[in-house]
Amino acid sequence: MITSTANQKIKRIVQLNKKAGERKKEDVFVAEGLKMFLEVPEERLCEVYLSESFLPILEELGEKGKKARQKLEVCGYETVSDEVFRKISDTQAPQGILCIVRQCHYSLEEVLREKECPLLLVLENLQDPGNLGTILRAGEGAGVCGVVMSRDTADIYNPKVIRATMGSIYRMPFFYTENLEEAIIRIKEAGVTVFAAHLKGEGNYDKCDYCRPSAFLIGNEGKGLTERTADLADSYVKIPMEGKVESLNAAVAAALLVYEAARQRRERD
């Protein structure tokens, strides 16, 4: 059992939590919590750390606890004191299980090939980790085949993003681009119609046809889409507002749009 916060393994995990550069250098990220452990593909699982009080808790979790014990027997784990676990945890109330997971990398072509009729989200300069994680989670739920992001978007492997995805990080293809304009042009050349969520939209979002290959552009939380990026869209769509509200949270707006697309596609089928 590791009982010292000065242990090199513990120092390394702390740095992986804090620094995107360290995660990139090692090509791994930290996923915390029982759900994240149970859902991680075994071929991507590198290391597992348990708090000393975690294993007894598994006995009380029924079938979920049984599955966790079976997976732990296969992959192995290292135990740390509760005090040390609090040091490596990025949450206020640690569950007692944390794993180091190998990162995934996709090309834009791989994202576009995920489905015969693609549904994409294209994000420009989103900064809030919770928003980004929620967008991945909602996107998976609505059948989105991938998320394309400008390079200045938040790090998808930030611990706060990971938690907000609730496991979607393992399954949702994504691609960071150095040149968002070029990526959007490539998406359009692949036959995908691009819609910009924009206050200047003349038509409400639920009046457009998303049964064809479609992509939604979502802008920065405070500034929205840049004019240059918005101009690349085939069409502007707006989400109508009542009261004095001018716009919605980026993740909420993205969820509304992709679920409208999902609704249309269900009805078509």
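Mentor: Start with a rule: two strands pair if DSSP finds at least two bridges between them. Keep in mind that this is a predicted model.

Trainee: How many bridges join E9 to strand E11?
Mentor: Pairing needs at least two bridges. E9 and strand E11, residues 235-238, run parallel. In E11, Val237 is the bridge partner of Gly203. The number of bridges joining E9 to E11 is 2.

Trainee: What is the strand order of the open sheet?
Mentor: The sheet has 7 strands, with parallel pairing. Each edge strand pairs on one side only: these are E7 (174-177) and E9 (203-204). The order is E7-E6-E5-E10-E8-E11-E9.

Trainee: At what angle does helix H8 run to E5?
Mentor: Helix H8 covers residues 129-142. It lies across E5 (119-123), E6 (146-150) and E7. Its angle to E5 is about 170°.

Trainee: Which strands does helix H12 touch?
Mentor: H12, residues 250-268, packs on the sheet. Its direction makes about 165° with that of E10. The strands touched are E5, E8 (193-197), E10 (214-218) and E11.

Trainee: On to the rings. Are Phe29 and Tyr157 stacked or edge-to-face?
Mentor: Their centres are 4.5 Å apart, with 20° between the planes. Planes under 30 degrees apart count as one class, and over 60 as another. By that rule, Phe29 and Tyr157 are stacked.

Trainee: How many residues apart are Phe29 and Tyr157?
Mentor: Phe29 is in strand E1 (residues 28-32). Tyr157 is in the loop between E6 and helix H9 (159-165). The pair links distant parts of the chain, and the separation is 128 residues.

Trainee: Is Tyr157 buried or exposed?
Mentor: The cut-off for buried is under 20% relative accessible area. Phe29, at 0%, counts as buried. Tyr157 has 4%, so Tyr157 is also buried.

Trainee: What kind of pair do Phe195 and Tyr210 form?
Mentor: Phe195 is in E8, and Tyr210 is in the loop between E9 and E10. Phe195 is buried at 1% relative accessibility, and Tyr210 is buried at 0%. The ring centres are 4.9 Å apart and the planes are at 85°, so the pair is edge-to-face.

Trainee: Which residues do ring pairs link into a cluster?
Mentor: The model has 7 aromatic pairs. Ring pairs build the cluster, and its members are Phe29, Tyr106, Tyr157, Phe174 and Tyr176.

How values were computed:
Residues numbered from 1 in each chain as written. Predicted model: local features only at pLDDT ≥ 70, side-chain atom pairs only at ≥ 80, totals over all residues. Heavy atoms only, no water. Helix = DSSP H or I, 4+ residues; strand = E, 2+ residues; numbered from the N terminus. Contact = heavy atoms within 4.5 Å. Axes fitted to C-alpha atoms, helices over the stretch in contact; angles between N-to-C directions. Phe/Tyr/Trp six-rings, centres within 6.5 Å; stacked < 30°, edge-to-face > 60°. Buried < 20%, exposed > 50% of the residue type's maximum accessible area, 1.4 Å probe, protein only.
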